[in-house]
Structures are given as structure tokens and as C-alpha cells.
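Please open the model in a viewer and keep a selection tool ready. The tour begins with a single side chain and moves on to a helix and a sheet.

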Amino acid sequence: MNIIDRQIQSKKRKAILEVLLLILLGLIIFLPRLQELPYKGEEPRRVICAQELLFSGNLFVPTIQGELFLSRPPFQNWVIAVTGTMLGNFGHLSGRLPSVFSVIATALLIYFYCRTFFSGMVPVLAGLLFLSTFHVLKYGGVAETEMLFTFLLAGSYLFWHAAEHHGWSNTTKWTVAYLFLTCATLNKGFTQAPLYFCTIIGLSLFLNKRLSNLFTYGHLIGFSLYLGLFGMWQMIFYYSTNWEATQTMLLGDVSMRFEQKGVANYLEHWVVYPLEQFAVLFPWSIFLLAFLSSDFRNRLKPFPAPVKFCLGAIAVTFFTVWLPPGAKTRYYIPMIPCFVILSAVVIEQCQRYMQEMTGKKETWFQILILFRKMLIIIVSIFAPICCLWSACNMIWAESHIVKIFYLFFPIRLIPSILLLLVSVPIFITLIYTYQKYTKNAFITDIIVFVLFIASAYNLLFIDILKTKYEDVGSSVTEIFRKIPPDTELRSIGHTSFPFVYYYMFQTGKMLRPAEPGQKFLLGQYFCISEDEYLRWNPENVEMIERFNTSRFKPGYSKEKNNQMMIVKITVSENSSPFQNIPKTVEDFK
């Protein structure tokens, strides 16, 4: 084997190891405690829709309790339905696994995209940075649309650019890109995905004077495929519902971003939003400051193709979240791949500058020195403070006898102690590499920091959330102990999504609303919101159970608690006149 063959084999082994590293770190971050937190926020809605698609046999119209749910097209519901069917149940694992796999797939997508243009440490760095951003950590282990949408939308524009660089055929380039775009559109609607794809790709073609590429047979095939697949679902949905429902499904979520009126709201958002976006990308966002330095920009010239592409992509899409006063930082998650690629490029340039440096240090170079110091400070201060805070908080909440017990047998403090122990070798590693300027030293810094984040996420953050989140599943289990077995439970009025999910999960049945015209008879059980119950103030029902279905337990949020009640009809219409209680379901409305 000659030298060239050995170099090729070495590069292949390095690539395999880097891919395995990204997969392993992704699994370490999200899998260990994926099932422990109860469903919250939008999670139960996504899983309920997936189950009801299978119950009804209609795979094209999302419903909750048999009624239209006009929030998202059903692609994520299809994915969850497949996962739940494969696992044999629709527990927390089946709903959240698609997000975990999407995070890892996006990290690998970023890695292979960067390998198209860079041969150094940028590919693996960009993948590592993506795994450790705030929003990825927040949404990577939940059953919501963000991470799957990010993978699909990023796949469309990153694959297209990589294929454009490789000179692949127009048919392959456009067909695969539009397939990604079709799935992204079916995942979150007909607004953000097509807008981002068209503006990003359009700008790239314009800057490279290749707009004629839009008028090729390859683009016609890809665009026709997109219109055909999305249009097929849209037509089925329209004929299954109506035009008003179709409009709401397409544009309803976007219109909510402009509900906040007044000049003050717009001005506040325009000032605050960029700062919020910088904060959620921290600490990697500090490297983006290097682009403000003319010295750094001159060092990069001519800009590498992915740098120009990512900067252009951010420039033409940022207005979609900056202008609407109701936009949130999570709406811009699909552009995180561009940010981490740019940050990785800056880190590599800093590393090269360190090795070349002979005289005065440039201003932009101080960013990396600041970053390395910041890593050491975070690990050396954050872990002990969190451990101490967790211990004091836990002991303070217990009786005096238990406090003494914890001093000698700190069983419940084990996660905090483990975090402190894990931080020690990480701190030593960071100190060891602080004065080293090699590529391996930089990558080691990022890897150990990701491991620290994974440790803090699993050993501390999950436990903190468990103390705050309401466990609706346990409440549903308690309810079943108080009502006769095989009792059919119906709902009246608005029903909490977490309650609907856990009822379906534990019974395998849909929680159906009371039917129009249904009369209340002796011994029937219903679930009803506390607001609805107090509004009617019925006298001829027995309250079986009252429970909280809010995201947070009482005292952990300023939001009003959503109280649900299980009631039993104690008199029938024939045996006694109704007093303050409606006779039929319509009377509640």
C-alpha cells in the first residue's frame, strides 16, 4: 500500500470515528432519561393526533377527540404513529424518539455538508456545536415539531448547496431537495419551509449568476414532485373538511405572530429579539462577533462557499422572525445549522492564527481566549454552586429529622454529587489544554464541554424539571381507582390535552366528547373543566376527583392552573327534576 492509499484509509477511519462520536454524544445527551418527564406543552397533542390517525383510519386529517385539530399537517403524526406501532405503545419513548433521531441526523447532515468544503476540524466542530446549543437541548428530547422540522428544512437547503458544489445532475439535486422540502412543509405548514427554501436558494443562484438553473428539466421535475405530493395531501384534506379549515391549517399559526398590536410592541421586539437570539445560541454565538472585525474578514477572503451561503441564508430569512412582534426564538431553530457552521469556521481560524502568531494579537482573536477562560469558569463554578443549591433546596424542604439523615446518608443528593465528580476530570482536561493550540486540543475542549452539558442535563436539569412539572399520568391512575372498571368516560366542553393523552395511554381508548343531544342519566361519569363546572354549579352530581392538568405544579408558575374534575350524575331526568344542571350537552354551550 503506497502513501496515497494509506492517507485515504486514514481519512476514512477518521471520518468513521467522527461520525460515531457525534452519534454517541447525541445518545448520551438525550437517551438516558428520555422517559422520565411527563408530557408537557404541545407534546400530548402530537401523540394524541398520531393515535387518532390510527384509530380512525384517516391518515390525512389530524383530530383530537374526533374533532379537527388545525395546527399542523400530519407528517410528524405519521412518524410518531410509526414509532409507536414499532414499539407497541405510545409512551414517552415513542413520542420523543423522533426528535432525538432528528437531532443526531441534523448533526450528521451538518458534518457531511462541511466535509464537502472543509478538510480540517470544521465538520466535526460544527456537529458538536449543534448538539450543545440551548434550543437543541431544550427541544431535542420532546415530542414537538421543532427538531424534525429543522432536519427536514436544513436538509433541503444544505443538500442542494452540497450537490451544487459537487456538480451533481440537476434532476438529483432538485428532486432530493424538494423531497426534503415536501416533508418539511407537511410537518409544519405551507409558510416557513417554502419561504426559506426559495429565498435561500434564490439568493445563492442570483449571486452566482445561475438563475437559469431554475429553467431546467431537473428543476421542473423536482418542483412538480413537490406540488404533486403536497397537493395530494392538500386536496384530500380539503375534500375531507372545508375551505375554512384548509385556510386555518395553512395560515393559522402565522397570523398569530401579528396579533400583538401597537408601535411599542414592534419596537420592543425589534430591539430585544436579536439579543434573545444571541443568548439562546450562547456560548457559540460569541464566535460570530469575529465577523464584525475587518481583520478577520480580510483573513477569510475570499470567503469560502459555505460561509457566503450561510451568511446569505441568515440575511434573507432573519426578517421573518425579527419583524413579527409575536415571533419566538424557537421559530428560528431551522437556521441554527448555519450559525454553528459559521462559529466552527471562526474557531478553526483562531486555531490557525494561534499557530501562526508571532507578533501582536488581533482583536478578534481575543474571542477564543475569552471562550477558553469561560469554559473553565463555567465548569469550576457552575457545578459546585448547582450542587450546593440543590442540596440546600432539598434539605430545607424536609423535616428536621430528615435533614439530619441527609447529612449522613445523602441518597437524594447523589445526582448533584455525581455532577460535581464528573466536573473534576473535565476541569483538569480544560486546564491541561488551555495553553495548547493544536486541532486536537480545540476539539477536546468542545467534546469535554459537551460531556459537561450532557452530565448537567441528565443529573441536574431533569430533576429540577421533575419537581416543577405536574404528573398528570399519576392523577389519571388515581382516578381509575375511584370509578368502576370499564366505565365509559366522556368529556364535556374543553378537555386538557395531557388528560386526554394519559387517558388514551392507560385505557387504549379515545376519550370521546359527549354526543350532541345526549341526556345525562343516573350513574354516568364525565370529565369537565373546573371553570365549566363552576359556571353551571350543578347540584345533582357527585364530584369524584379534582386534579391539576397544567404544565407546572401550583406555585411554580404565574399561569392559572387548569383544573379538571371527574363527576358522576346522581339523579336521572326521570327520577328527579334537574337543578342547575343542563339536560343535554348543547345546554352547556
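Select C114 first: this residue is buried, with a relative accessible area of 0%. Here buried means under 20% relative accessible area, exposed over 50%, and partly exposed in between (1.4 Å probe, protein chains only). Select C198 next; with a relative accessible area of 51%, C198 is exposed.

The model is predicted: local features need pLDDT of at least 70 and side-chain atom pairs pLDDT 80 or more, while totals for chains, interfaces and linings use all residues. Residues are numbered from 1 along each chain as its sequence is written, and side-chain values use heavy atoms, without hydrogens and water.

With a disulfide defined as a pair of cysteine sulfur atoms within 2.5 Å, the count is 0. From C114, the nearest cysteine sulfur belongs to C310, 7.4 Å away.

Now select helix α12, residues 263–280; helices are DSSP runs (H or I, at least four residues) and strands likewise (E, at least two), numbered from the N terminus. Centre on V272, where α12 bends by about 30°, with the proline P274 following within four residues. The bend is the angle between axes fitted to the seven residues ending there and the seven starting there. Within α12, show H269, Y273, Q277 and V280, which are buried.

Finally, select the open sheet of 4 strands, ordered β3-β4-β6-β5 with mixed pairing; strands pair if DSSP finds at least two bridges between them. β3 (489–492) and β5 (541–548) are the edges, each having a single partner strand, so one side of each lacks a neighbour in the sheet. Between them, β4 (residues 525–529) and β6 (residues 563–569) run antiparallel, joined by 5 bridges. End at I528, opposite M565 in β6.

Terms used. Expected span 1.5 Å × (residues − 1).
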